[in-house]
Amino acid sequence: MRARIDRWVYRTVAVCALLAGLAVHHNHTTRPCTPDLGAAGMCVSIPLES
């Protein structure tokens with residue numbers, strides 16, 4: 001029974017990691033942070049004044 005649960009957890013984690021990677025790739029290609037710092041649609045604006 002424990003091995004069965006371990007396999008289920010492993011598969012769930014693997015599927016979630018794959019989906020997260022695909023989401024990051026999609027956001028990176030469709031919403032690049034051209035003037036800002038960041039990637040995958042998670043952009044941080046950098047003020048130009050110092």
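1. Trp8 and its helix. W8 lies in helix α1, which covers residues 2-30; helices (H or I, at least four residues) and strands (E, at least two) are DSSP runs numbered from the N terminus. W8 is exposed, its relative accessible area being 60%. The classes used here are buried for under 20% relative accessible area, exposed for over 50%, and partly exposed in between, with a 1.4 Å probe and protein chains only.

2. Basis of the values. The model is predicted: local features need pLDDT of at least 70, side-chain atom pairs count only at pLDDT 80 or more, and totals for chains, interfaces and linings use all residues. Residues are numbered from 1 along each chain as its sequence is written, and side-chain values use heavy atoms, with hydrogens and water left out.

3. Nonpolar patch. W8 also belongs to a nonpolar surface patch of about 580 Å², made by M1, I5, W8, V9 and V13. Patches consist of residues with over 30% relative accessible area and no salt bridge; like charges are joined within 9 Å, and nonpolar side chains (Val, Leu, Ile, Met, Phe, Trp, Tyr) within 5 Å. Accessible areas come from the Shrake-Rupley method with a 1.4 Å probe, and for residues only the protein chains shown count as cover.

4. Salt bridge. The count comes to 1 salt bridge, where the term denotes a side-chain nitrogen of Lys or Arg within 4 Å of a carboxyl oxygen of Asp or Glu. The side chains involved are those of R2 and D6, at 3.9 Å from N to O. R2 and D6 both lie in helix α1 and are 4 residues apart, about one turn of the helix. R2 is exposed, with a relative accessible area of 67%, whereas D6 is partly exposed at 42%.

5. Ala17. Helix α1 also holds A17, a partly exposed residue with a relative accessible area of 49%. From A17 to I5 the separation is 12 residues in sequence and 18 Å in space, C-alpha to C-alpha.

6. Overall form. The secondary structure comprises 1 helix and 2 strands, in the order α-β-β along the sequence. The radius of gyration is 18 Å, well over the 10 Å that the globule rule gives for 50 residues, so the protein is more spread out than a compact globule. This radius is taken over C-alpha atoms, and the globule rule is 2.2 Å times the number of residues to the power 0.38. Along its principal axes the C-alpha trace spans about 60 × 25 × 5 Å.

7. Surface and burial. Of the 50 residues, 6% count as buried. The protein exposes about 4,700 Å², of which carbon and sulfur atoms supply 67%.
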